[in-house]
Amino acid sequence: MVKLLHLSDIHMGSGFSHGRIDPETGLNTRLQDFTATLSQCIDTALSEPVDLVVFGGDAFPDATPPPYVAEAFASQFRRLAEANVPTVLLVGNHDQYSQGQGSASLCIYRTLAVPKFIVGDRLDTHRIETRNGPVQVMTLPWVTRSTLMTRPESEGLSLTEVNQLLIERLRVALEGEIRTLDRKIPTVLLGHLMSDKAHFGAERFLAVSKGFTIPLSLLVRSEFDYVALGHVHKHQNLNPSNDPPVIYPGSIERVDFSEEKEDKGYIIADVQPGSCQWKFCPLPVRSFLTISIDLSKSDDPLSDLFEAVRKHRIEDVVVRLRYKLRADQIDRLDSHAIYERLKTAHSYTVQPELVSQLSRPRIPALDSGRSFDPINALTAYLESREDLKDIRSDILEAAESLLLEDERVS
Ligand SMILES: [Mn+2]
């Protein structure tokens, strides 16, 4: 049996707007938060101790992090190398460098031959010797259309047809790889991908339309004992029957406000051929809090606003204060008094919204927080616009080719 720690979506160096500069270090406090949280994951890996660490991708917000951010990341993973813990670093969409082929921010670990470190930048199977015996890890990094398809091949095909062809090709490639597996040792699939059964977290907003969704049926295979995923920031198990578990641990820190209510953490799993025991280990990360209030009917907007703030503990919290007001109330809200009231927060943003008498109704189909891919959203919008009826199909066609073009460029 092999014990592993699975973490993902570190995004170190992001969310600086939610922090401030620490006068002692000159660093953004959110970098310090992310580093401290990553440090806790590494502490656990060393104290358990685990036999293997798998990282599900998205180390930084992009493939060219500033040196001090790359160093903060490296100084934590270095502790695994020093302790001789085998570690697999998978390449996510944010790690891929869009100019030039086959380069990613994490490839430096291979170039430097960091002991026991493996970089997963292609579909491949790695047999790894751990202190509790061998394990095999199949790496499936973020796949784009251009990975599996040439430009002429997608000529004249609709977005749906292209996606079907891509999934078919991935199915064949995965099947080929699966047939090379040794069924006598624990087996992990490590993938950075969007599954069709995932509940979206922030990643929906971070990478709209890039890449494609992969059917869960491609991942639920008896040949895998544990499927370790990255990409979606909200922790979830896509296969509740656990045969095998298909797990997004989620991001380790809140990247933005869309993750306000999500628990953050990592996974510890005991893996052996045919079975797996896993648990989600929560991390004590900094709280985010949205305070929303409609002041447009208030006689005393400032005290009503303070009353709304008073209901919450805001010390050391990243606060977002949203309020609605009428244009004639603006003078009655003293913004300095509001800033003064919020100053014990770790950081805050104030988002006033003027209530207009002439606000246009939203399209009902697009309301209620449902998620749509860009084409479906555009279709719903166009259906609400009688005046665009004649050019509806032209607009949709243009949008599809823009989305495809976007993919080719990346
Ligand atoms: Mn991602």
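This is a predicted model: local features need pLDDT of at least 70, side-chain atom pairs count only at pLDDT 80 or more; totals for chains, interfaces and linings use all residues.
Numbering starts from 1 along each chain, following the sequence as written.

Taken as a whole, the protein chain has 11 helices and 17 strands (DSSP runs numbered from the N terminus, with H or I of at least four residues for helices and E of at least two for strands). Its radius of gyration is 24 Å, close to the 22 Å that the globule rule gives for 410 residues, so the chain is as compact as a globular protein of that length. Here the radius is taken over C-alpha atoms, and the rule is 2.2 Å times the number of residues to the power 0.38. The C-alpha trace spans about 75 × 60 × 40 Å along its principal axes. The chain splits into domain 1 (2-282), domain 2 (288-354) and domain 3 (374-409), with bounds from an automatic or database domain assignment. Between domain 2 and domain 3, the C-alpha centres are 39 Å apart.

Next comes the six-stranded sheet, which is open, has mixed pairing and runs in the order S4-S3-S2-S1-S13-S14; strands count as paired if DSSP finds at least two bridges between them. Strand S4 (117-120) and strand S14 (275-282) are the edge strands, each pairing on one side only. From one strand to the next, the twist averages 20°. S4 pairs with strand S3 (residues 87-90) in the parallel sense over four bridges, and Val 119 in S4 stands opposite Leu 89. H1 packs on this sheet, where it touches strand S1 (2-7), strand S2 (52-55), strand S13 (265-272) and S14, and its direction makes about 180° with that of S1. Contact means that the C-beta atoms of two residues, placed from the backbone, lie within 7 Å. Axes are lines fitted to C-alpha atoms, for helices over the stretch in contact, and angles run from 0 to 180 degrees between N-to-C directions.

Helix H1 (residues 29-47) also meets helix H2 (residues 67-82): their axes come within 9 Å and cross at roughly 10°. H1 and H2 are therefore roughly parallel to each other, the term for angles under 35 degrees. On the H1 side, the contact residues include Leu 31, Leu 38 and Ile 42, while H2 brings Val 69, Ala 72 and Arg 79 among others. Eight residues of this contact are nonpolar, three polar and one charged. In that count, Ala, Val, Leu, Ile, Met, Phe, Trp, Tyr, Cys and Pro are nonpolar, Asp, Glu, Lys and Arg are charged, and the others, Gly among them, are polar.

A hairpin is made by S5 and S6, with two residues between them. Strand S5 (residues 124-130) and strand S6 (residues 133-140) pair antiparallel over seven bridges, with Thr 130 opposite Gly 133 in S6.

Back to the sheet of the opening pair: three strands form an open sheet with parallel pairing, in the order S15-S16-S17. Strand S15 (288-294) and strand S17 (347-354) stand at the edges with a single partner strand each, so one side of each has no neighbour in the sheet. The twist here averages 15° from one strand to the next. Strand S16 (residues 318-325) and S17 pair in the parallel sense over eight bridges. Helix H8 (residues 301-310) lies across S15 and S16 and runs at about 145° to S15.

How values were computed. Angles under 35 degrees count as roughly parallel, over 145 as roughly antiparallel, 65 to 115 as roughly perpendicular and the rest as oblique.
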